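Me: I would like to learn how to read a few features of a model like this one. Please give the general idea each time, then the case at hand.

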Amino acid sequence: MEILETIDIVKKFGEFRALNGVTLGVEKGKVTVLIGPNGSGKTTLINCLTGVYRPDEGTVRYKGDDITGKAPHKLRKIGIARTFQIPAPFKKLTVFENLMVSAGNQLGEDILKALARRIWLPQEEELTEKSLALLKSFDVEGKRNNLAYELSGGQLKLLELLRLLMEDVELCVLDEPVGSIHPVLANKIFSTVKAMSEKEGITFLIVEHRLDIAMRYADNVCALVEGKILCHGSPKSVLENEELQRTYLSLKNVRK
Ligand SMILES: Nc1ncnc2c1ncn2[C@@H]1O[C@H](COP(=O)(O)OP(=O)(O)O)[C@@H](O)[C@H]1O
Ligand SMILES: [Mg+2]
């Protein structure tokens, strides 16, 4: 089943069509990786899907509902969340604190309820458990008391992903989650994402250039070239596409 669909999306910057009729389905509970050359429109497409941009033409549907142009905070309420290419954590909080403040709808934030400990305490305990479980599943429990500004670039990217997963999210859209990250951590991130899709049914749509890593974990791959979908299917079928070989994959040294 498709949790997200785009139909004929057009996004223009002036006269330039960054997206020129994108029709795409994202399968529920699977890992879909969006690839394509620099400037092909990948970030623009996920900006249109997550309410950062309103497309000039076309429709975005989530679970069958038209969500075209809905604001990011509204999409968050219905289970859609995203990370950005550049992470933006709270630098002076610890990793653990960053996770705790990320979960939406916290009862302790309501001034009246904040006075009554028994109302928010169970929720706080649940969030603590959830954040520790997340840190553990990504093998980074040892970093929980580090301040965010002490983390490496790769660890910051991971923190951004963990903050997203603290919320009740059904569709996670990630922009280059493992770009310039050490291969060991990058594989750990992708394998855990894959496991979360399988165990918890979370859907992931991931823009990624590191094909050596991403292709191992993708269920579906979609190639965007010059603002259009060139091909879409299993990793194997997309990597075998001759036009993609010529225009993109040969540059990245990916063999059939
Ligand atoms: N805000 C913007 N204003 C003008 N042009 C833009 C803007 N954002 C992206 N573009 C152009 O749209 C095209 C697609 O960009 P982008 O979606 O960032 O590509 P990708 O993420 O695939 O590298 C590029 O040619 C880029 O220069
Ligand atoms: Mg981009």
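Me: Why does Ala214 count as buried?

Reply: This is a predicted model. Burial is read by counting C-beta atoms around a residue, and 20 or more within 10 Å is the cut-off for buried. Ala214 has 23 such neighbours inside 10 Å, so it counts as buried. Ala214 sits in helix α8, residues 211–217. Leaving aside residues up to four places away in sequence, Ala214 touches Val33, Phe190, Ile206 and Glu208.

Me: Is Asp8 buried, partly exposed or exposed?

Reply: Asp8 is partly exposed, because 13 other C-beta atoms lie within 10 Å. Asp8 belongs to strand β1, residues 2–13. Its phi is near 50°, a positive value in a residue other than glycine.

Me: Where is Ser180 found, and what is its phi?

Reply: Ser180 is in the loop between β7 (171–175) and α7 (183–200). Its phi is near 55°, again positive in a residue other than glycine. With 11 other C-beta atoms within 10 Å, Ser180 is exposed.

Me: How do I check the length of a helix, for instance what should helix α6 span?

Reply: Multiply 1.5 Å by one less than the number of residues. Helix α6 covers residues 153–165, so its 13 residues should span 18 Å; the end C-alpha atoms are 19 Å apart, which agrees.

Me: Which residues of α6 are buried?

Reply: The general idea comes first. An α-helix has 3.6 residues a turn, so residues three or four places apart point the same way. In α6 the buried residues are Gln155, Lys157, Leu158, Leu159, Glu160, Leu161, Leu162, Arg163 and Leu165.

Me: Which residues touch the most other members of the largest nonpolar core?

Reply: A core of this kind is a set of buried nonpolar residues joined through C-beta atoms within 7 Å. The largest one has 61 residues, and those touching the most other members are Val33, Leu34, Leu171, Cys172, Ile189, Phe204 and Ile206. That core takes at least three residues from each of domain 1 (2–79 + 168–252) and domain 2 (90–152). Beyond four places in sequence, Cys172 touches Ala81, Leu164, Ile202 and Phe204.

Me: Which residues surround ligand 1, and which helix gives the most to its shell?

Reply: Ligand 1 is surrounded by Phe13, Ala18, Gly36, Asn38, Gly39, Ser40, Gly41, Lys42, Thr43 and Thr44. Helix α1, residues 42–49, gives the most, with 3 residues. By class, the shell has 2 nonpolar, 7 polar and 1 charged.

Terms used
Residues are numbered from 1 along each chain as its sequence is written. Chains are lettered from A and ligands numbered from 1 in the order in which they are written. This is a predicted model: local features need pLDDT of at least 70, side-chain atom pairs count only at pLDDT 80 or more; totals for chains, interfaces and linings use all residues. A residue is near a molecule or strand if its C-beta atom, placed from the backbone, lies within 6 Å of it. Helices (H or I, at least four residues) and strands (E, at least two) are DSSP runs, numbered from the N terminus. Ala, Val, Leu, Ile, Met, Phe, Trp, Tyr, Cys and Pro count as nonpolar, Asp, Glu, Lys and Arg as charged, and the others, Gly among them, as polar. A residue is buried if 20 or more other C-beta atoms lie within 10 Å of its own, exposed if 12 or fewer, and partly exposed in between; C-beta atoms are placed from the backbone. Domain bounds come from an automatic or database domain assignment. Two residues are in contact if their C-beta atoms, placed from the backbone, lie within 7 Å.
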